[in-house]
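This briefing is meant for a reader who is meeting the structure for the first time. It takes up the strands and their pairing, and then the nonpolar cores.

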Amino acid sequence: MYKRQDEVIGTDTWSSEAFWDEPRYTDAAVAAANTTDLLLIEGQFGVEKTNVLVDAATGTEYARPECGAGAFYKPMVSSPNGDWNVSYGAVISPDHKVTCIGGGEDEKAVDLIAVTDQGRAFGATTQGPTLFVDARPGAEPTTEEVAPGTVLPSGVIDGDLAVHWDPSTGVLSANPFRTE
């Protein structure tokens, strides 16, 4: 990894230059970040992209996921205890392993929008008719059609409660997740 001493504040710093073997990947951008310690960096040259999940403080590389970045920056969504994170179609475990949900061959792209303390992630497909996606660790994701007017969860709070906000009515609600 490429490190240098910051002369102004006297601490080690790091650079994204270390993540790509060729200097052509210098067009790096933060694709997603959580509120404490993770950055998902996307390096791009032409249409070729590479994602790197790193520790924000040290630059330590954790993974090179095939998913997790989209067309623009957005914050990662963390579980209530902060151990699990989701970004676009990526579920990031407490040990920084990345599981990609959707977006593969013959699969619809998925935008994950909530995750529990146990790593159960929720989201929706982003192409065609909207399908609700429920992804549990170690299991195949399940999908179900979304009825018109259904408000998908916008987050998870302690107690495994799904938070729903309906922008058309301004109503905020919290409901327990179905466990079956």
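Two strands are counted as paired here if DSSP finds at least two bridges between them. With that in mind, note that the model is a predicted one, and that in it I157 has L161 of β17 as its bridge partner.

**The sheet of three strands**
- Strands β16, β17 and β18 form an open sheet in that order, and their pairing is antiparallel.
- Because β16 (155–157) and β18 (171–176) stand at the edges with a single partner strand each, one side of each is left without a neighbour in the sheet.
- From one strand to the next, the twist averages 35 degrees.
- Three bridges link β16 to β17, which covers residues 161–166, in the antiparallel sense.

**The hairpin of β14 and β15**
- Strand β14 (residues 131–135) runs antiparallel to strand β15 (residues 142–145), and four bridges join them.
- Within this pair, D134 stands opposite T142 in β15.
- The hairpin has six residues between its strands, and G138 takes a positive phi near 75 degrees.

**The nonpolar cores**
- The largest nonpolar core has ten residues, among them W84, I101, V110 and A121.
- A121, which belongs to the largest core, touches V86, V91, L112, A114, V115, V133, D134 and A135, when residues up to four places away in sequence are not counted.
- A second, separate core has eight residues, including A31, L40, L53 and M76.

How values were computed: Residues numbered from 1 in each chain as written. Predicted model: local features only at pLDDT ≥ 70, side-chain atom pairs only at ≥ 80, totals over all residues. Heavy atoms only, no water. Helix = DSSP H or I, 4+ residues; strand = E, 2+ residues; numbered from the N terminus. Axes fitted to C-alpha atoms, helices over the stretch in contact; angles between N-to-C directions. Core = buried A, V, L, I, M, F, W, Y, C linked by side-chain atoms within 4.5 Å. Buried < 20%, exposed > 50% of the residue type's maximum accessible area, 1.4 Å probe, protein only. Contact = heavy atoms within 4.5 Å.
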